[in-house]
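Have the viewer open as you read.

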Amino acid sequence: MRFRVSHSTHYEYSEPVSLCHSIAHLKPRTSTHQRCLSSQVRVDPWPAVNRDHEDFFGNRVSYYSIQQSHSALEITAVSEVEVNAPELPDPTESAPWELVVERLRSHRDPRINCARIFTLPSPQVPLDAEAVAFAASSFPAGRPVLEATFDLMGRIFAEFEYDPHFSTIATPVAEVIEHRRGVCQDFAHLAIAGLRGLGLAARYVSGYLETLPPPGQPKLRGSDASHAWFSLLVPDLGWVDFDPTNDQTPCGQHITTAIGRDFQDVTPVRGIFYGGGTHELQVAVDVDRIPHPA
């Protein structure tokens, strides 16, 4: 499937901003199951410095510096992406999860060595005993790793309430577990904390999800949003994505923008500015399916 993604971020300041430095993760990645056909980021006011680079995780990062006084800032990214649904083996035939842990610890394959960073704690995913205990219920001895991870994903979906008013980008995993509620990034952090605590490699995925309106209803502009899920590394198979917010593996409607240890590595837009007073933030995302050319 092919999509056009538009992501607009608008800041309105109560006082002028004299200088702004920011980075953005808004350009989709290219991978085995996804191809970024085009991507452009426009910044208004026009930045004095504007350049792209690839970060440690292979994400496409845009850096810009606005060195003129401004009272509003708008960043708009427009991309076209082609996504193919991955084919997964029977989860019950995957390797026992303990064997996967052992291979992560002892294997000399450079790709597996590089993935070990995703077995370690990170700023927003510290080691949490309750998260590990929650995940461990899905991972009894000898259970196939994919079957166990599907079970973990389903339990998060069933036992945690989606509540967009509960958390912020800084809400700890411990609070999410205590209150049994959160949003997509919270559920991804929870799963990652549990999996890493068991010795598995899990990474945070940021991107978009196509949302379809009810039958007969027009699609509302700006109604889509950024989304988050997690990936598990299975040797000989690669990274497998899981979306606990919707209890599903991506099937062609998930668009990956960036990957990292947690949300801090992949924030859509972040930076520093001088002045500005208080500010208001508005974000609008549209994901539209477009037909393949003949």
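## Nonpolar cores

A nonpolar core here is a set of buried Ala, Val, Leu, Ile, Met, Phe, Trp, Tyr and Cys residues joined through side-chain atoms within 4.5 Å. Please keep in mind that this is a predicted model. Its largest nonpolar core holds 49 residues. Those with the most contacts inside this core are Phe 139, Val 145, Leu 152, Ile 156, Leu 195 and Leu 200. Helix α6, which spans residues 184-197, supplies the largest share of the core, with eight residues. There is also a second, separate core of 22 residues, and Val 41, Val 81, Val 269 and Val 287 are among them.

## How α3 meets α6

Two packed helices are described by the angle between their axes and the distance between the axes. For α3 (residues 129-136) and α6, the axes come within 8 Å and cross at roughly 80°. Angles of 65 to 115 degrees count as roughly perpendicular, and α3 and α6 are therefore roughly perpendicular to each other.

On the α3 side, the residues in contact are Ala 131, Val 132 and Ala 135. They meet Leu 190, Ala 193, Gly 194, Leu 195 and Gly 197 of α6. Sorted by class, this contact has six nonpolar residues, two polar ones and no charged ones.

## Salt bridges

Side chains of opposite charge can pair when their charged atoms come close. How many salt bridges does a search of the whole structure find? The count is 12. One of them joins Asp 52 and Lys 27, with the closest N and O atoms 2.5 Å apart. Asp 52 sits in strand β3 (residues 49-54) and Lys 27 in strand β1 (residues 2-27), so this pair ties together parts that are 25 residues apart in sequence. Are the two partners buried or exposed? Asp 52 is partly exposed, at 43% relative accessible area, while Lys 27 is buried, at 10%.

Another bridge pairs Asp 236 with Arg 103, where the closest N and O atoms are 2.7 Å apart. Because Asp 236 lies in the loop between β9 (226-234) and β10 (238-242) and Arg 103 in helix α1 (residues 97-106), the pair ties together parts that are 133 residues apart in sequence. Asp 236 counts as exposed, with 74% relative accessibility, and Arg 103 as partly exposed, with 22%.

Arg 181 and Asp 163 also form a salt bridge, at 2.8 Å from N to O. Arg 181 belongs to strand β7 (residues 181-182) and Asp 163 to the loop between β6 (161-162) and α5 (173-179), so to speak a link between distant parts of the chain, 18 residues apart. The relative accessibility of Arg 181 is 24%, which counts as partly exposed, whereas Asp 163 is buried at 15%. Finally, salt bridges with shared partners join Arg 2, Arg 35 and Glu 82 into one network.

## A look at Arg 105

Helix α1 also contains Arg 105. Arg 105 is exposed, with a relative accessible area of 61%. Arg 105 and Arg 116 are 11 residues apart in sequence, and their C-alpha atoms are 7.9 Å apart in space.

Technical notes:
Residues are numbered from 1 along each chain as its sequence is written. This is a predicted model: local features need pLDDT of at least 70, side-chain atom pairs count only at pLDDT 80 or more; totals for chains, interfaces and linings use all residues. Side-chain values use heavy atoms; hydrogens and water are left out. Buried means under 20% relative accessible area, exposed over 50%, partly exposed in between (1.4 Å probe, protein chains only). Helices (H or I, at least four residues) and strands (E, at least two) are DSSP runs, numbered from the N terminus. A salt bridge is a side-chain nitrogen of Lys or Arg within 4 Å of a carboxyl oxygen of Asp or Glu. Axes are lines fitted to C-alpha atoms, for helices over the stretch in contact, and angles run from 0 to 180 degrees between N-to-C directions. Angles under 35 degrees count as roughly parallel, over 145 as roughly antiparallel, 65 to 115 as roughly perpendicular and the rest as oblique. Contact means heavy atoms within 4.5 Å. Ala, Val, Leu, Ile, Met, Phe, Trp, Tyr, Cys and Pro count as nonpolar, Asp, Glu, Lys and Arg as charged, and the others, Gly among them, as polar.
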